[in-house]
Amino acid sequence: MEFYDIDPKELDLQPLDIFATDWALLTAGTEDSWNTMTIGWGGLGTLWSQPMATVYVRPDRHTHGFMEESDRFTISFFGEDDREKLNFCGAHSGRDTDKTACGLQPMEVDDGAIAFEDAELIISCRKVYRSDFEPGKFLDASILASRYPGETPLHTAYWGIVEHVYVAESILDDEDECGCGDDDCGCEHHHHHDEA
Ligand SMILES: Cc1cc2nc3c(=O)[nH]c(=O)nc-3n(C[C@H](O)[C@H](O)[C@H](O)COP(=O)(O)O)c2cc1C
């Protein structure tokens with residue numbers, strides 16, 4: 001799959017719908033040791049005048065340790081045909097399962113961070129802040145009670161500056177490409193990956 005490295009400010013999606021409806025894979029680690037899991041919660045916006053992504057990971061997820069250790073994380077969105085992969089990665093833990101068993105094809109992006117060849121959209125982030133949710137800070141106690149019954153651990157939130165957005169060629173409109181056919185033409189949609 002070929003990807004175009006677009007300006008994050010050109011990212012054209014519905015931030016209040018895409019996580020909830022499409023879900024995504026959150027991935028941290030490097031080629032030698034990485035893990036991914038399905039996420040249905042996330043945010044895209046602006047913080048400290050930077051394009052920023054926020055994700056929420058429960059400490060009992062195998063991915064949590066990778067998020068703690070990694071300087072980078074990626075958020076990969078897929079087409080509807082790949083829904084089974086998201087079901088798989090949301091129902092099995094990397095502790096005892098190889099997540100590539102569902103057919104995912106990992107690839108390296110920035111600084112060795114891992115994302116997937118089969119994705120349609122990849123948001124590549126540099127981790128800049130983390131915070132553990134705390135029971136005493138909930139302003140609506142019903143959210144705490146309904147989302148964290150019993151001993152359910154509270155999520156850790158991570159913020160990452162969106163440094164790169166990769167869009168698969170297959171989902172770009174023709175009009176989004178400069179159309180010159182030259183990989184080195186210098187247009188903003190220059191090619192990123194073409195090995196697969
Ligand atoms: C649709 C869907 C959305 C999910 N969203 C989140 C999420 O935002 N945060 C989270 O901590 N877990 C979420 N999960 C749960 C993890 O994906 C699941 O526990 C996974 O097996 C963890 O894998 P790991 O142990 O390899 O990290 C979601 C699961 C599904 C199916």
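This is a predicted model: local features need pLDDT of at least 70, side-chain atom pairs count only at pLDDT 80 or more; totals for chains, interfaces and linings use all residues.

**Helix α2**
- Helix α2 spans residues 62-69, and its buried residues include Thr63, Phe66 and Met67.
- Looking down the axis of α2, you'd find the buried residues within an arc of 100 degrees, so they line one face of the helix.
- As for partners, the buried residues of α2 pack against β2 (24-30), β3 (33-39), β5 (50-57), β6 (72-77) and β10 (156-168).

**Helix α3**
- Over in helix α3 (residues 83-91), Lys85, Leu86 and Cys89 are buried.
- These residues cover an arc of only 100 degrees around the axis, which puts them on the same side of α3.
- The buried residues of α3 pack against β2 and β3.

**Loop residues with positive phi**
- Some background: most residues other than glycine have a negative phi.
- Tryptophan 48 isn't a glycine, yet has a positive phi of about 50 degrees.
- You'll find tryptophan 48 in the loop between β4 (43-47) and β5.
- Tryptophan 48 is exposed, with 9 other C-beta atoms within 10 Å.
- Aspartate 111, also not a glycine, has a positive phi of about 50 degrees.
- The loop between β7 (106-108) and β8 (114-116) is where aspartate 111 lies.
- With 12 other C-beta atoms within 10 Å, aspartate 111 counts as exposed, because the cut-off for exposed is 12 or fewer.

Notes: Residues are numbered from 1 along each chain as its sequence is written. A residue is buried if 20 or more other C-beta atoms lie within 10 Å of its own, exposed if 12 or fewer, and partly exposed in between; C-beta atoms are placed from the backbone. Helices (H or I, at least four residues) and strands (E, at least two) are DSSP runs, numbered from the N terminus. The arc is that of the directions from the helix axis to the C-beta atoms. Two residues are in contact if their C-beta atoms, placed from the backbone, lie within 7 Å.
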